[in-house]
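Subject: Structure handover and findings

Hi,

Here is the structure I said I would pass on. Please open it alongside this message.

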Amino acid sequence: MSATLCQNLNKGDLIQLLDVAREAIRGHFADEIPQPPQLDLYGRKLLQPGACFVTLTVNGQLQGCLGTIAARSPLVMEVHNQARASAYQDRRFLPLTEEQLDDLQIEVSVLSSPETLDVSSEHELLNYLSQNKVGVILSDQHRQALFLPQVWEQIKKPADFLRQLKRKAGWNDVYWSPTMSVKTFTVSSIKGRYHFSGI
């Protein structure tokens, strides 16, 4: 998905994606076999390949967050798949239970295409992040870690942001490599409760 298309998603588009995520989770608890979205019900933008993350919180505590960086499937299908994965396949958490649904909040984030950031040192990266609160992907060798831009709401300082991102990848706090790849991205996002009580 191009950055332009990501930025062109309007509130109506995002509301539809939030509903898709809700239905993906609701289907797990229904008696019938869960059904994927009917693609003919959605407009052109939502049918283009898109990358997204779905973040679930219960009483403000993270319950699941999975997604994809590469745009391979129609966006509406990707949201459906990642909502189910975040609810039931995030290995960091026990699967979502029916008892948690009353306190469940869902956030859908549609990613722009990641762009390589040309930095030669951690100092340069920190300088950039002090002015740009974007999503970041760090990659080196066979390890990679991603933070959505929303992480800046919890981690305000660039040094702390980068330190936590390194830990997520399994590196120590001072790790840096000449082969480190840094990519940045933005998101269009929407957040709402699981139950239809307004968003």
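Below is what was found in it, topic by topic.

This is a predicted model: local features need pLDDT of at least 70, side-chain atom pairs count only at pLDDT 80 or more, and totals for chains, interfaces and linings use all residues. Residues are numbered from 1 along each chain as its sequence is written, and side-chain values use heavy atoms, with hydrogens and water left out.

Helix packing

Helices (H or I, at least four residues) and strands (E, at least two) are DSSP runs, numbered from the N terminus. Axes are lines fitted to C-alpha atoms, for helices over the stretch in contact, and angles run from 0 to 180 degrees between N-to-C directions. Angles under 35 degrees count as roughly parallel, over 145 as roughly antiparallel, 65 to 115 as roughly perpendicular, and the rest as oblique.

Start with helix 2 (residues 11-29) and helix 4 (residues 75-88). They pack at about 45°, and their axes are 8 Å apart. The pair is therefore oblique: helix 2 against helix 4.

Which residues of helix 2 and helix 4 meet? Contact means heavy atoms within 4.5 Å. From helix 2 come Leu17, Val20, Ala21, Ala24, Ile25, His28 and Phe29. From helix 4 come Leu75, Val76, Val79, His80, Ala83, Arg84, Ala87 and Tyr88. By class, the contact of helix 2 with helix 4 has 12 nonpolar, two polar and one charged residues. The classes are simple: Ala, Val, Leu, Ile, Met, Phe, Trp, Tyr, Cys and Pro count as nonpolar, Asp, Glu, Lys and Arg as charged, and the others, Gly among them, as polar.

Next, helix 5 (residues 122-131) and helix 6. Their packing angle is about 120°, with axes 9 Å apart. That makes helix 5 oblique to helix 6. Helix 5 also passes helix 6 in a right-handed crossing. On the helix 5 side, Glu122, Leu125, Leu126, Leu129 and Ser130 take part. They meet Pro158, Ala159, Phe161, Leu162 and Lys166 in helix 6. This contact of helix 5 with helix 6 has seven nonpolar, one polar and two charged residues.

Cysteines

How many disulfides are there? A disulfide is a pair of cysteine sulfur atoms within 2.5 Å. By this rule the count is zero. Cys52 is in no disulfide; its nearest cysteine sulfur, that of Cys65, is 10 Å away. Cys65 is in no disulfide either, with the sulfur of Cys52 as its nearest at 10 Å. For exposure, buried means under 20% relative accessible area, exposed over 50%, and partly exposed in between (1.4 Å probe, protein chains only). Cys52 has 0% relative accessibility, so Cys52 counts as buried. Cys65 has 17%, so Cys65 counts as buried.

Asp13 lies in helix 2. Is Asp13 buried or exposed? At 10% relative accessibility, Asp13 counts as buried. Leaving aside neighbours within four places in sequence, Asp13 is in contact with Asn8, Lys45 and Leu46.

Positive phi

Most residues other than glycine have a negative phi. Asn59 has a positive phi, near 55°. Asn59 sits in the loop between strand 1 (52-58) and strand 2 (61-67). At 57% relative accessibility, Asn59 counts as exposed. Gln141 also has a positive phi, near 55°. Its place is the loop between strand 5 (135-140) and strand 6 (143-147). Gln141 counts as exposed, at 64% relative accessibility.

Other loop residues

Ile69 lies in the loop between strand 2 and helix 4. Ile69 is partly exposed, at 27% relative accessible area. Beyond its neighbours within four places in sequence, Ile69 is in contact with Ala51, Leu111, Pro114, Ile137, Gln144 and Leu146.

Pro36 is in the loop between helix 2 and helix 3 (44-47). Pro36 is partly exposed, with a relative accessible area of 44%. Neighbours within four places in sequence aside, Pro36 is in contact with Met77 and His80.

Val174 is in the loop between helix 6 (158-169) and strand 7 (181-185). At 70% relative accessibility, Val174 counts as exposed. Val174 and Arg143 are 31 residues apart in sequence and 16 Å apart in space, C-alpha to C-alpha.

Best wishes

Definitions and conventions: Left-handed = near helix turned anticlockwise from the far one by under 90°.
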